[in-house]
Amino acid sequence: MLRFFLPREESFFRFFRAIASELVQASKQFQLMLEDLDNREQHAKTISLHEEKADKIADTALVKLHKTFITPFDRYDIHQLINNLDDVLDSIDKATKRIIMYQIQSIPEDIHSIAALCVEAAKTVEKAVECLSNLKHSKKILDLCNMIEAIESQAEQVLLSGVSSLFQMENDYKRLLKIKEIYEYSKSVIKNCQGVSNIIKGVVLEYS
């Protein structure tokens, strides 16, 4: 029988939603940064603020977890979900810092495509997190998780195509290595979104 409602200390769901919201905002800012490299420093500061806010929320949530007797679902899964949501923001911050560090002046179109997929994946994660407190929406949650997996597969194809073109067209070896690294860090955002999705999917399958 479907357990529509997880037993809950409701604050955990608020923590999940709050971190997911910061994730969406940071991913949008990353996309804006790539479209506005002349103002990269300002965009990077905004992304760092979102990452710092998410870190504080995650820290508060983990303290709460250690003090709570009855949790909505398995403590390990809560811990992993919080950490993995935070990891997505960390990966955005790392990609951003590489662009600053390498003083990148132009970005291949395929990286813009990956950034757009980062936003799509982040929004989908946020929707899944919003539904998590009520397993009446279990099918919708699983569909959203499958969407994230599809986005990750799409991003992988863009990455492979982009890196292949990079090796064929780029004659500056230093720039090649820098751009390749930015491809990989950008793609890691979506890979980490899939990590969040896998945890959410496991919770839904266990409790429904």
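Good morning, colleagues. Please bear in mind throughout that this is a predicted model.

I begin with the core. The largest nonpolar core holds 71 residues, and those touching the most other members are Phe16, Phe73, Leu81, Leu132 and Ile200. Two or more residues are given to this core by each of helix 1, helix 2 (40–67), helix 3 (75–101), helix 4 (109–131), helix 5 (138–169) and helix 6. Helix 6 supplies the largest share, namely 13 residues.

In total, the model has four aromatic pairs. One of them joins Phe13 and Phe16: the ring centres are 6.0 Å apart and the planes stand at 90 degrees, so the pair is edge-to-face. Angles over 60 degrees fall in that class.

How are Phe13 and Phe16 placed along helix 1? They are three residues apart in this helix, which spans residues 11–35, and therefore about one helical turn separates them. Phe13 has a relative accessible area of 1% and is buried. Phe16, at 0% relative accessibility, likewise counts as buried.

Is Ser197 buried or exposed? Its relative accessibility is 2%, so Ser197 counts as buried; the cut-off for that class is under 20%. Which residues does Ser197 contact, once neighbours within four places in sequence are left aside? The contacts are with Cys145 and Ile148.

Thank you for your attention.

Technical notes. Residues are numbered from 1 along each chain as its sequence is written. This is a predicted model: local features need pLDDT of at least 70, side-chain atom pairs count only at pLDDT 80 or more; totals for chains, interfaces and linings use all residues. Side-chain values use heavy atoms; hydrogens and water are left out. Buried means under 20% relative accessible area, exposed over 50%, partly exposed in between (1.4 Å probe, protein chains only). Contact means heavy atoms within 4.5 Å. Rings of Phe, Tyr and Trp (its six-membered ring) pair if their centres lie within 6.5 Å; planes under 30 degrees apart count as stacked, over 60 as edge-to-face and the rest as tilted. Helices (H or I, at least four residues) and strands (E, at least two) are DSSP runs, numbered from the N terminus. A nonpolar core is a set of buried Ala, Val, Leu, Ile, Met, Phe, Trp, Tyr and Cys residues joined through side-chain atoms within 4.5 Å.
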